[in-house]
Amino acid sequence: MHAIKPAHSKSNADATGPSRRAFLAGATGLVVAMALPIKGRAQAVATAQAAFAPNAFIRVSPDNIVTVLIKHVEMGQGANTGLAILAAEEMDADWSQIRAEQAPDDPSLYANLAFGVQGTGGSTGLSNSYMTMREAGATARALLIEAAAQTWGIPAGDVSVSAGVVSNDATGQTATFGELAERAATLPMPQDVTLKDPSEFKLIGAEGITRLDAADKARGKSTFSIDVMRDGMQVVTVLHPPKFGAVLASFDATAALDVPGVTAVHQIASGVAVYGADTFAALRGRDALVVQWDETNAETRSSQEIEEEFLKAARSPARVAENIGDVDAAFDQAERSFEAEYIFPYLAHAAMEPLDGVVEWTPDRVDVWSAIQIPTIAAPVFSSTLGVAPEAVSLHTMYAGGSFGHRATATNHFENEMAQVAAAAGPGSYKLQWTREDDMTQGYYRPLTVHRFRGGLDADGNITGWDNTVANQSIMAGTMFEQALMGDGLDRTSYEGSTDLPYALPARRVSWAQMQTGVPVLWWRAVGHTHTAYATETFLDELLIAGGRDPVQGRLDLITQDRPRDRAVLERVAEMAQWSGPGTGERRYGVALHRSFGSFVAQIAEVENRDGTPHVTRVWCALDCGVAVTPDVVRAQMEGGIGFGLSAALFEQLTLEAGGTVRERNFDAYRVLGLEEMPEIMVDIMPSEVAPTGVGEPGTPPIAAAVGNAWRAHTGQTPRRLPIIGA
């Protein structure tokens, strides 16, 4: 079903007016004394023709600029800087000559070693590139040294490199990388390269390294897909069904086509697409649509109704994920037993930049500009939908204004919608723009989850029995990831963080009940750890206190000998916060320990009771993530992760009202933590020579539990339902 407006109202890309980015870039009058060091000049693609590209990750141009190609999308997590440092370290480059550039879509060169496809996620960006990028840098360095040796007629062993300068140790002759690039490009590739010993690192682990993307982002000069403009481009918005599972029955586009600037209206698989000369026209046209929806197969249960079903399942036997010792016997013999049920709501990703992207389709090729998180599975969508050869699809990966998992879906729902928008209208350029309300109401949420715990103590207060049943919807089931990531009918992401605990609990069982709803669910920053850390660490805290133990010392006594890194971060955070117990005054303290994505994090939260609600004033965080390649970025990730987790713990929830409509549609109802509510955060990174592990997500899981434990010190009750405060 299609409706086209006469040609006289065709799109005009120039009518979009000044962008937010243009405003920022031109707002020099508002920038006060913002001096930037020369070495901080941010990402600028080398203008000179590259003369030396020893591998897929490094280019050295004659103007002495080293461009490092980054295979992961930059979402604010510092991928550009972290990966570039790895290459620069082994090259012995000067940081001021380093630039970062997004690698093209090519899984044969740029596959994520953890996934096997080109993609970003799971806090793997830096960890799975640690050796690759170092080897790339070492290869380039070896070739530059050989080029210098041949130029000067000396053995390669007499050549050294420091801070981007190649030197003849005997004569003092020097050359830049750029001066050697042309000759280096003619040399055969070395078969083996030697990597530095960590004791020789100068950039890896150094403090004060300037992020490559920070200055341009602060100045509004960085380009996001929302900034992309193409000649003749139309802006498209889509009217989606009001409930999950509803489909279009009929629509009348007459009033929409009367809106100035609206050029066409087309039915697509996900709803009704309105095409306009600019965003304003497209949105006004969408508002004018008259639509009938078929809700025959829609999800009409409320969140409360879904919770009740999940609770019933959690109280029943479920599929066992971990079983150690005789749990039933342990409870039969327990001196005291305790029970607790926890409810975690649906959560939106709530990234600052709503989903958007530009697709340009000509008869023989397709170009796409968007912050696509898994390009390898996105590219075929455009090839198949628009009927072009796979090699004729070019994805231009842009910066993402946040994601937290939102831009990586197995269904490629947004990429599919972009392709359908183009297919419905014919060759041309189209910017598909979602609004905040689209982002909030169109699903792919953190799954609603219920935990049911039982714990048993003996006469001496020792924990003898532990039983945790998790009920939620699988993220992986029914997707392309099911075969690889689900085994024995278990979706590990549904309960990860609740098994393989560091504590010596002699009889413990973790079970999972797979639930079904019509709500599309997805990983959310730290995935299952976001609820398992809270339920596990608050229930453990209650049992320790019931047994007469101090929360920190009780945990230390339980940590097994084969988990020294868990022990070390817990001891360190207790030292940082000068832990002396949960406290009795106006400020109370809670602790939590959790491992996720290979990293170990312990946090202590200081919480005030302000008129009956918790206010977090300070957080101490100890982290072991292996080698901290960029300590500033690592600390920023911990701080951001703590703020993200604290926001969810205190305020965030996505609610299905009676009938299945989403209640929270924008930030006025979906409250997030304000800047003024951020606590003071102290982060300490444990020294390590172990290969790096994740930092993007591990800061998030423990904070809610630390706050929950501190709040129980105030009130005597652990919050069983999150968020603690609500909107």
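UniProt, in an unreviewed entry, places the feature "domain: Aldehyde oxidase/xanthine dehydrogenase a/b hammerhead" at residues 219–297; UniProt positions are given in the numbering used here, feature names are shortened, and annotations may be inferred rather than shown by experiment. Over residues 219–297 the chain is 19% helix and 38% strand, with the end C-alpha atoms 48 Å apart. Helices (H or I, at least four residues) and strands (E, at least two) are DSSP runs, numbered from the N terminus.

The model is predicted: local features need pLDDT of at least 70, side-chain atom pairs count only at pLDDT 80 or more, and totals for chains, interfaces and linings use all residues. Residues are numbered from 1 along each chain as its sequence is written, and side-chain values use heavy atoms, with hydrogens and water left out.

The protein contains 19 helices and 28 strands. Its radius of gyration is 28 Å, close to the 27 Å that the globule rule gives for 727 residues, so the protein is as compact as a globular protein of that length. The radius is taken over C-alpha atoms, and the rule is 2.2 Å times the number of residues to the power 0.38. The C-alpha trace spans about 80 × 80 × 55 Å along the principal axes.

Of the 727 residues, 58% are buried, where buried means under 20% relative accessible area, exposed over 50%, and partly exposed in between (1.4 Å probe, protein chains only). Among contacts (heavy atoms within 4.5 Å) between residues at least 6 apart in sequence, 77% join residues at least 24 apart. The protein exposes about 28,600 Å², of which carbon and sulfur atoms supply 50%; accessible areas come from the Shrake-Rupley method with a 1.4 Å probe, and for residues only the protein chains shown count as cover. There are 56 positive and 87 negative side chains, and the centres of the two sets lie 3 Å apart. Lys and Arg count as positive and Asp and Glu as negative, while His and the chain ends are not counted; the place of a charge is taken as NZ of Lys, CZ of Arg, CG of Asp or CD of Glu.

Helix α16 (residues 551–558) is largely enclosed by the rest of the structure, because six of its eight residues are buried. These are P551, V552, G554, R555, L556 and L558. The buried residues of α16 pack against β21 (463–473), α15 (529–546), α17 (564–576), β25 (587–596) and α19 (701–715).

Most residues other than glycine have a negative phi, and most peptide bonds are trans. A526, in the loop between β24 (508–515) and α15, has a positive phi near 85 degrees and is buried at 0% relative accessibility. F597, in the loop between β25 and β26 (599–610), has a positive phi of about 50 degrees and is partly exposed at 22% relative accessibility. The peptide bond from L722 to P723 is cis, with omega near 5 degrees, and P723 is found in the segment after α19.

H615 lies in strand β27 (residues 613–624). Not counting residues up to four places away in sequence, H615 touches E606, V607, E608 and R610. H615 and V662 are 47 residues apart in sequence and 28 Å apart in space, C-alpha to C-alpha. L675 is found in the loop between α18 (631–650) and β28 (680–685) and is exposed at 79% relative accessibility.
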